[in-house]
Amino acid sequence: AFIYYETLGVKAVKPPPGLTNLIAFTEVMKTRELHSFTLQGRIHFVATVNPKDSILTVSVTPAYVFDENGFLMDWTCDTGDDPAFAERWGRFHAKKKTSTAEADAFLQSRSGKVSRTITKEEALAIARQQVSWGKDGIKNFDVGFQNGKWNVFLERDLNVVGAHAGVVISTNGRVLEFHGGR
């Protein structure tokens, strides 16, 4: 039974496929804390989340490391049971609490570069997070890029109220508009 619950716990905190952008990650995974730290002269970010599943038996918390471009580099489902994770990242020496807005501003302003544009898969993951239809509730979807924004259309069983939803998402993962059923 323990292995079964551990497996469920890992699945609950595993980053969704394609979700590799820091700003999009904070939207989808509901980040509890975000810190910046420097390792080998480069800024990195470490995000922690609350386990989604109450049966998760973690001793500390799940953590995710992003590089100076906001790209997901590494993650662990339990920092308490994975000391090698902290070791790989210099034990997050001199980490500083950072807001998502501060991280976003850093990613957009560093060396005149704009933070990486989220992918189609990331836009879909963010849109799915906006509706509470469950993993299997979405029957059809369409993702398009127009006027510098991702437009995601979601559809579920047409026999229910709120069967359609539209989500407009910026290129860095911010939800700009949401229309439709939850």
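The protein chain exposes about 10000 Å² of surface, and carbon and sulfur atoms supply 52% of that area. Please keep in mind that this is a predicted model. Of the 182 residues in the protein chain, 41% are buried. Among the chain's contacts with a separation of 6 or more, 46% are between residues 24 or more positions apart.

**The overall layout**

The protein chain has five helices and nine strands. Followed along the sequence, they come in the pattern α-α-β-β-β-β-α-β-α-α-β-β-β-β. Let us begin with the strands that come at the end of that pattern.

**A sheet of four strands**

Four strands make up an open sheet in the order E6-E7-E8-E9, with antiparallel pairing. Strand E6 (140-146) and strand E9 (175-180) are the edge strands, each pairing on one side only. From one strand to the next, the twist averages 10°.

Now turn to strand E3 (residues 63-66). Which way do its residues point? Ala63 and Val65 point one way, while Tyr64 and Phe66 point the other way, and all of them are buried.

Strand E3 pairs with strand E2 (residues 42-49) through four bridges, and the two run antiparallel. Here Val46 stands opposite Val65 in E3. E3 also pairs with strand E4 (residues 72-76), again in the antiparallel sense and over four bridges. In this pairing, Phe66 has Leu72 in E4 as its bridge partner. E3 and E4 form a hairpin with five residues between them, and Gly70 in the turn has a positive phi of about 80°.

**Aromatic rings around Tyr64**

A pair of aromatic rings is described by the distance of the centres and the angle of the planes. The model has six aromatic pairs. In one of them, the ring centres of Phe25 and Tyr64 are 4.6 Å apart and the planes stand at 55°, so the pair is tilted. Phe25 belongs to helix H2 (residues 22-28) and Tyr64 to strand E3, so this pair ties together parts that are 39 residues apart in sequence.

Are these two residues buried or exposed? Phe25 is buried, at a relative accessible area of 0%, and Tyr64 is buried too, at 0% relative accessibility.

Tyr64 has another ring partner. The centres of the Tyr64 and Trp75 rings are 5.9 Å apart and their planes are at 10°, so this pair is stacked. Because Tyr64 lies in strand E3 and Trp75 in strand E4, the pair ties together parts that are 11 residues apart in sequence. Trp75 counts as partly exposed, with 26% relative accessibility. Ring pairs link Phe25, Tyr64, Phe66 and Trp75 into a cluster.

**Salt bridges**

How many salt bridges does the structure hold? There are four, and the table lists some of them.

| Salt bridge | N to O distance |
|---|---|
| Glu33 and Lys97 | 3.9 Å |
| Arg42 and Glu68 | 3.6 Å |
| Arg91 and Glu87 | 2.8 Å |

The salt bridge of Glu33 with Lys97 links distant parts of the chain: Glu33 is in strand E1 (residues 31-39) and Lys97 in strand E5 (residues 96-97), 64 residues apart. Glu33 is partly exposed, with a relative accessible area of 30%, whereas Lys97 counts as exposed at 54% relative accessibility.

In the salt bridge of Arg42 with Glu68, Arg42 lies in strand E2 and Glu68 in the loop between E3 and E4, so the pair ties together parts that are 26 residues apart in sequence. Glu68 is buried, with a relative accessible area of 17%, and the cut-off for buried is under 20%.

In the salt bridge of Arg91 with Glu87, Arg91 is exposed, with a relative accessible area of 54%. Glu87 counts as partly exposed, at 48% relative accessibility.

Terms used. Residues are numbered from 1 along each chain as its sequence is written. This is a predicted model: local features need pLDDT of at least 70, side-chain atom pairs count only at pLDDT 80 or more; totals for chains, interfaces and linings use all residues. Side-chain values use heavy atoms; hydrogens and water are left out. Two strands pair if DSSP finds at least two bridges between them. Axes are lines fitted to C-alpha atoms, for helices over the stretch in contact, and angles run from 0 to 180 degrees between N-to-C directions. Buried means under 20% relative accessible area, exposed over 50%, partly exposed in between (1.4 Å probe, protein chains only). Rings of Phe, Tyr and Trp (its six-membered ring) pair if their centres lie within 6.5 Å; planes under 30 degrees apart count as stacked, over 60 as edge-to-face and the rest as tilted. Contact means heavy atoms within 4.5 Å. Accessible areas come from the Shrake-Rupley method with a 1.4 Å probe; for residues, only the protein chains shown count as cover. A salt bridge is a side-chain nitrogen of Lys or Arg within 4 Å of a carboxyl oxygen of Asp or Glu.
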